[in-house]
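Visitor: I am new to this structure. Please take me on a close look at a single part, the place where the two chains meet. Which pairings matter for reading that part, and what sits beside it?

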Amino acid sequence: MLANYLPIMVFIFLGIAFGIGPMLIGHLLGPSKPDEEKNSQFECGFPAFDDSRMHFNVRYYLVAILFILFDLEVAFFFPWAVVQSDLGWFGFVGMSIFLFLLVVGFIFEWKNGALEWE
Amino acid sequence: MMMALWQAFVVSTHNLLPWFDGVIATVLIILIKAFALIMPLMLVVAYFTYAERKMIGYMQLRIGPNRVGPRGWLQPIADALKLMTKEIIFPSKANIYLFLLAPVLAIAPAIAVWAVIPFAEGIFVVDLDVSLLYVLAIGSIGVYGIILAGWASNSKYPLLGALRSASLLVSYEIVIGFALVTVVMIAGSVNLNTIVEAQRGGILHWYWLPLLPMMIIFFISALVETNRAPFDVVEGESEIVGGTHVEYSGMTFAIFFLAEYANMILMAVLAVLLFFGGWHSPFMGIPYLEFMFSWVPGIVWLLAKSSFFMFLYLWVRATFPRFRYDQIMRLSWKVFLPITIIWIFVVALMTQLKLGVWFG
């Protein structure tokens, strides 16, 4: 059973190698002539006059929070989805209650303007 | 025959070199399989970029690349060589380790995810029982690459691109998750092989018909997940000059590019596996046509259908203008999410009532 995951480990290592390998090749083949102008951060033609670790809109944070919530719901749905035709009405009603609670929360977020982006 | 030869090879090598035992032989065979998969994948990625430039060129009444080799056939090779010999710039303000970790985090999941993808009956690297969950789980690691790239660059445009992409990717991941739940509900399994086998039959037996809204939502979400036009606000070259890629040059940029296109191909293959019957012939069950096309191997059908989806990506890109960011977020949270939640309920009800031709 666990042997099934050996190819996956090999693939993950291969993926990492595919990330590091080309960068090494590029570093070896390409020139390396750094200068101050080239290495400065990209800005529209003038030196940056502000740190780029700046404030950003709180909505991004809100979306991240909502994501955790809903992704957890998805994680709960998967095991149920696999066996739901065997569970019969019991499983259906159980999941309907769960879905109902989810929808109530969703409507709450919607009405509170958590999903507005203007 | 092949297995016997392999056994003989393993035994004779073990006699010659004592350290060569079963485990190393297993890893070796996995490596051979992996390269048999990844090398064609890289070739497809290279020529997909060529196809993209050429097709969009024709759609816009240009001829696209035509200088390198006959009809521009060697263009991707030339591009690769050019990127290899370009200088890799390390921005002086960047967090250099995170800056270099980001491309690796982008490409590693894009490659690792292919381990569980079946290509035809019996053609796969590993038949995992939870392969669909694995695809979802590994696929969502890719977002770390983009966020890290934006953050580590320590520059304004990459940061904006990273923020945009982070909330975009997570929003549509929920939608994709819910859409896949409906597929799992009908197929009764999270194993990709079983899901494809559950769709055995002609074009009318595949899940695109009973799950048509989910199929459309999945395809559109796949466009967002892979940062494709018309949802490419993450790169948005006319707004934030390239988003997370701004500070990357040479091979470090090429790796992001590679990962993005590998993900596009993955999404096309996934759409085929989940909604378009994988390797089954579309003519199965149709009296005359089934016989006529019975000689076509399953993998050809899978590749043909995936190519169609890959063509759709290009077609969509050439057709639609870019969405505004708030419109995309609205589409995800206020349109797709309610639809998918209702459809989960509908599909569950249909399965319980044994209603409909395709359910139960």
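Guide: Start with one term. A polar contact is a pair of N or O atoms within 3.5 Å; within protein, one atom must be able to donate a hydrogen and the other to accept it. With that rule, and with both residues at pLDDT 80 or more, chain A and chain B share 1 residue pair in polar contact. Keep in mind that this is a predicted model. Its scores are ipTM 0.86 and pTM 0.87. Chain B has an average pLDDT of 83, and 95% of the residues score at least 70.

Now the contact itself. Chain A brings 67 residues to it, and chain B brings 85 residues. Together the chains bury about 6800 Å² between them. Carbon and sulfur atoms give 76% of that area. Three residues stand out on one side: Phe11(A), Arg53(A) and Phe78(A) supply 12% of the area that chain A buries against chain B, more than any other three residues.

What about charge pairs across the contact? The count between chain A and chain B is 0 salt bridges. Look next at the elements on the chain A side. Those giving two or more residues are α1 (6–29), α2 (36–39) and α3 (58–111) of chain A. The largest share, 24 residues, comes from α3(A). By type, the chain A side divides into 42 nonpolar, 15 polar and 10 charged residues.

Salt bridges do occur in the model. Over all chains the count comes to 6 salt bridges. Take Glu52(B) and Arg317(B), whose side chains meet at 2.4 Å, N to O. This pair links distant parts of the chain: Glu52(B) lies in helix α2 (residues 22–59) of chain B, Arg317(B) in helix α13 (residues 298–319) of chain B, 265 residues apart. Glu52(B) is buried, at a relative accessible area of 4%. Arg317(B) is partly exposed, at 38%.

Helix α2 of chain B also holds Arg53(B). The side chain of Arg53(B) meets that of Asp79(B) in a salt bridge of 2.9 Å, N to O. Asp79(B) sits in helix α3 (residues 75–84) of chain B, 26 residues apart from Arg53(B). Arg53(B) is partly exposed, with a relative accessible area of 38%. Asp79(B) also counts as partly exposed, at 25% relative accessibility.

One more pair: Glu197(B) forms a salt bridge with Arg200(B), with the closest N and O atoms 3.2 Å apart. Finally, salt bridges that share partners join Glu52(B), Arg228(B) and Arg317(B) into one network.

Notes. Residues are numbered from 1 along each chain as its sequence is written. Chains are lettered from A and ligands numbered from 1 in the order in which they are written. Side-chain values use heavy atoms; hydrogens and water are left out. Contact means heavy atoms within 4.5 Å. Buried area is the accessible area (1.4 Å probe) that two parts lose on being put together, summed over both. A salt bridge is a side-chain nitrogen of Lys or Arg within 4 Å of a carboxyl oxygen of Asp or Glu. A polar contact is a pair of N or O atoms within 3.5 Å; within protein, one must be able to donate a hydrogen and the other to accept it, and residues adjacent in sequence count only if both atoms are side-chain atoms. Helices (H or I, at least four residues) and strands (E, at least two) are DSSP runs, numbered from the N terminus. Ala, Val, Leu, Ile, Met, Phe, Trp, Tyr, Cys and Pro count as nonpolar, Asp, Glu, Lys and Arg as charged, and the others, Gly among them, as polar. pLDDT is the predictor's confidence in each residue, from 0 to 100. Buried means under 20% relative accessible area, exposed over 50%, partly exposed in between (1.4 Å probe, protein chains only).
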